[in-house]
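Work through the exercises below with the sequence and the model at hand. Each task is followed by a solution in steps.

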Amino acid sequence: MNSHQIEIVEKTAQFIQKKFEGEGTGHDWHHIYRVWKSAENIAKTEDCDPYIVSLSALLHDIADHKFYDGDLMEGSRQTKTWLKEIGADDDTIEKVADIVSRVSFKGANVKDDMPSIEGQVVQDADRLDAIGAIGIARAFAYGGNKNRSLYDPSEKYEMHESFDAYHKSESSTIAHFYEKLLLLKDRIHTATAKKIAEERHQYMETFLEQFYGEWEGKR
Ligand code: ADP
Ligand code: NI
């Protein structure tokens with residue numbers, strides 16, 4: 001990255017840190033920070049532009065669809081406004097805004113398209129943060145915030161066919177494992193992230209086994 005690019009990335013990091021300070025729904029600054037750092041690390045193992053990766057990672061949750069009633073384009077709108085304001089070039093703005101509009105998980109049976117390698121790196125980093133120990137913690141934090149039950153043994157899991165259905169779902173947090181978290185390891189693009197995802201996936205499987213055992217009073 002040249003010095004102009006480094007400055008744009010630093011300004012964006014400060015802006016996002018300020019905006020997300022005190023967020024408690026799983027989209028806090030610490031989530032963004034982890035995705036940023038892990039995307040940088042994955043980027044080192046891929047043939048890609050680290051400038052686009054860093055900016056997209058920092059901006060990927062700028063407009064949480066959960067607060068914009070499922071409007072996936074709000075993030076790219078806010079991304080464009082911000083990057084224009086600080087003087088990024090048009091090509092960068094287009095690339096980053098496109099990645100931001102595509103990065104979210106949209107339901108088990110919804111095909112997601114991420115054509116650029118930079119977008120794939122950021123999506124991998126975001127998905128890694130939704131699984132493993134941190135993923136488990138984030139899921140229960142989210143469920144608590146939404147007043148969801150931990151688990152409902154009579155519940156049927158739903159493989160959502162549309163983003164709207166997924167977005168409106170009120171499943172228990174354990175159901176969310178089947179509706180999203182356990183599916184992520186097979187939706188990773190890069191070899192580096194895939195290796196990490198396998199380990200984190202195994203950790204969630206172990207957690208679920210222990211959870212069901214305790215639920216029945218058997219452990
Ligand atoms: P991302 O940052 O991966 O785009 P989301 O905006 O969908 O994720 O959600 C933020 C966090 O909250 C993630 O860790 C996600 O798994 C969790 N989460 C989202 N929906 C639910 C749900 N229905 N139940 C429990 N956790 C959820
Ligand atoms: Ni995210």
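**Exercise 1.** Is W215 buried, partly exposed or exposed, and which ring does W215 stack on?

Solution. Step 1: W215 has a relative accessible area of 40%. Buried means under 20%, exposed over 50% and partly exposed in between, with a 1.4 Å probe and protein chains only, so W215 is partly exposed.
Step 2: the stacking partner is F211, at 5.7 Å centre to centre and 20° between the planes. Rings of Phe, Tyr and Trp (its six-membered ring) pair if their centres lie within 6.5 Å; planes under 30 degrees apart count as stacked, over 60 as edge-to-face and the rest as tilted.
Step 3: F211 and W215 are four residues apart in helix α10, so about one helical turn separates them. F211, at 14% relative accessibility, is buried.

This is a predicted model, in which local features need pLDDT of at least 70 and side-chain atom pairs count only at pLDDT 80 or more, while totals for chains, interfaces and linings use all residues. Residues are numbered from 1 along each chain as its sequence is written, chains are lettered from A and ligands numbered from 1 in the order in which they are written, and side-chain values use heavy atoms, with hydrogens and water left out.

**Exercise 2.** How many aromatic pairs does the structure hold?

Solution. Step 1: the count is 15. One of them is F177 with F207, stacked at 5.9 Å centre to centre with 15° between the planes.
Step 2: F177 belongs to helix α9 (residues 173-179) and F207 to helix α10 (residues 191-215), 30 residues apart. Helices are DSSP runs (H or I, at least four residues), numbered from the N terminus.
Step 3: F177 is buried at 0%, whereas F207 is partly exposed at 25%.
Step 4: ring pairs join F140, Y151, F177, F207, F211, Y212 and W215 in a cluster.

**Exercise 3.** Which residues coordinate the nickel ion (ligand 2)?

Solution. Step 1: the donors are H31 (NE2), H60 (NE2), D61 (OD) and D126 (OD), at 2.2 to 2.3 Å. Donors are N, O and S atoms within 2.8 Å of the metal (3.2 Å for Na, K and Ca); water is not among the atoms, so sites may look incomplete.
Step 2: along the chain, the spacing of these donors is H-x28-H-D-x64-D.
Step 3: H31 lies in helix α2 (residues 29-43) and D126 in helix α6, so the pair ties together parts 95 residues apart in sequence.
Step 4: H31 is buried at 0% relative accessibility, and D126 is buried at 15%.

Terms used
Helices (H or I, at least four residues) and strands (E, at least two) are DSSP runs, numbered from the N terminus.
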